[in-house]
Amino acid sequence: MSRFEQIADLEKCFLLPTYNRYPVAFERGKGVFLFDFEGKKYLDFVAGLGVNALGHAHPRIVKAIRGQAARVIHLSNLYYNEYQGRLAERLCQLSGLDRVFFSNSGTEAMEGAIKLARLAGHKVGGDAKCGLVGLQGSYHGRTFGAMSLTGQDKYRKGFEPLLEDVTFVERNNLESLRAAVNANTCAIVLEPIFGEGGILECSPEFLRECRALADQHQAALIFDEIQCGLGRTGTIFAFQSFGVTPDIVSIAKPIAAGVPLGAFISRERFASAISAGQHGTTFGGGPLACRVGLEYFAIVEEERLLENVSRVGAYLKQQLDDLAAKYAAVRETRGRGFIQGLVLDIPARPFVEQGLAEGVLFNVTQDTVLRFLPPFLLEEKHVDKGVRVLKKLLGRKRKKGTDKTSSAVAVLSH
């Protein structure tokens with residue numbers, strides 16, 4: 001029995017069957033590459049679903065983890081540690097917001113943001129000011145509060161009843177938005193760029209209207225940047241790419257380079273609504289995670305990685321646009337920087353499975369969207385390799401208007 005088979009069989013016996021994994025196990029990584037237990041090398045366009053923005057085994061991250069682990073890993077929030085305040089200060093400086101709460105994950109950051117918005121709403125409008133407005137097609141996490149704001153039935157089904165007083169509106173539909181927000185709304189919650197929802201952007205006009213309505217009704221505007229934030233658009237925060245600043249922003253994924261850490265950052269107006277004992281966490285903001293978080297931002301700045309995201313992201317966009325123009329199975333491209341999608345007219349999972357055989361890791365969301373969340377270290381030569389594999393999987397070049405059925409058959413039988 002191979003090492004992979006041993007690993008897979010053990011999981012089948014003892015883990016909850018919640019993941020439909022691909023048939024590969026990884027032993028180690030280096031830069032933009034992963035290696036399986038047989039030593040095969042894979043180019044990584046998934047980056048741990050956006051977590052590994054600095055790639056794998058970045059030497060400065062390894063050094064920071066080793067050094068801090070030898071000193072202290074966990075203290076609890078009963079005591080101060082030297083890094084939590086420093087990382088909070090850095091986040092406030094970068095965002096222009098005022099206060100931070102650290103959590104273990106993105107979904108927990110969303111839970112805290114929702115709780116804060118309801119507390120603040122009650123203070124200005126009483127118990128009735130508790131309404132939440134979310135977007136159809138959105139994704140915010142798997143806990144009950146985050147799931148209640150997730151506008152996809154497949155994640156909610158079977159877990160009802162969820163939070164009450166949640167209204168969903170269509171992304172970029174101004175009329176629907178205006179009809180949903182009122183005096184009893186405590187928060188408008190959205191992803192500036194949908195991640196799990198298929199790499200779909202909110203328009204600047206829609207975001208500006210969200211900002212105006214939140215101000216009008218003394219509601220919190222909450223941006224979920226767990227996937228699209230912290231550099232993936234070419235700016236530290238995605239909202240800086242759109243020119244609309246939220247009251248609260250939730251972040252996670254790359255902030256501690258794979259060590260579990262999330263956070264929400266808030267304006268003082270909303271942060272002042274909460275007091276000691278109304279929210280908390282056991283693990284969030286520990287010295288190891290916060291030490292690594294500080295190193296993450298130092299590396300992004302000193303290695304000029306935002307410039308790389310913008311430059312190589314534009315090159316990736318160009319190459320994906322070229323595929324969309326030449327292959328009948330490709331419908332369109334979406335996104336920017338290092339959060340992009342290639343939308344197919346056929347199921348995308350076969351491309352992921354066949355990509356594994358070619359030594360390239362792709363990811364699929366919404367069944368037909370190939371999602372690209374590569375490490376910020378990606379270079380043009382890596383894009384070229386990934387595109388070469390995609391061309392091979394797409395088969396012979398076919399201009400738009402050719403028989404798509406035959407193209408689909410060619411892809412799936414490749």
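Tutor: A salt bridge is a side-chain nitrogen of Lys or Arg within 4 Å of a carboxyl oxygen of Asp or Glu. By that rule, a search of the whole structure finds 22 salt bridges. The model is predicted: local features need pLDDT of at least 70 and side-chain atom pairs count only at pLDDT 80 or more, whereas totals for chains, interfaces and linings use all residues. Residues are numbered from 1 along each chain as its sequence is written, and side-chain values use heavy atoms, with hydrogens and water left out.

Student: What makes the contact between the side chains of Arg-60 and Glu-295 a salt bridge?

Tutor: The N to O distance is 2.8 Å, and the limit is 4 Å, so the pair qualifies. Arg-60 lies in helix 3 and Glu-295 in helix 12 (residues 287-302), so the bridge ties together parts that are 235 residues apart in sequence. Helices (H or I, at least four residues) and strands (E, at least two) are DSSP runs, numbered from the N terminus.

Student: Why is Glu-295 counted as buried?

Tutor: Buried means under 20% relative accessible area, exposed means over 50%, and partly exposed is in between (1.4 Å probe, protein chains only). Glu-295 has 12% relative accessibility, so it counts as buried. Arg-60, with a relative accessible area of 26%, is therefore partly exposed.

Student: Why is the pair of Tyr-296 and Phe-297 called edge-to-face?

Tutor: Rings of Phe, Tyr and Trp (its six-membered ring) pair if their centres lie within 6.5 Å; planes under 30 degrees apart count as stacked, over 60 as edge-to-face and the rest as tilted. The structure holds 9 aromatic pairs. In the pair of Tyr-296 and Phe-297, the centres are 5.2 Å apart and the planes stand at 75°, so the label is edge-to-face.

Student: What makes the aromatic pair of Phe-338 and Phe-376 tilted?

Tutor: Phe-338 and Phe-376 are 6.4 Å apart, centre to centre, with 40° between the planes.

Student: How do you know that the charged end of Arg-28 sits over the ring of Phe-35?

Tutor: The rule asks for NZ of Lys or CZ of Arg within 6 Å of the ring centre and within 35 degrees of the ring normal. Arg-28 is 4.0 Å from the centre of the Phe-35 ring. Arg-171 lies over the face of Phe-194, at 5.9 Å from the ring centre, so this distance also falls within the limit.

Student: What makes the phi of Asn-172 worth noting?

Tutor: Most residues other than glycine have a negative phi, and most peptide bonds are trans. Asn-172 has a positive phi near 70°. Asp-367 likewise has a positive phi, of about 70°. Asn-172 counts as partly exposed because its relative accessibility is 28%, whereas Asp-367, at 59%, is exposed.

Student: Which peptide bond is cis?

Tutor: The bond that joins Glu-160 and Pro-161 is cis, with omega about 5°. Pro-161 lies in the loop between helix 7 (153-156) and strand 6 (166-169).
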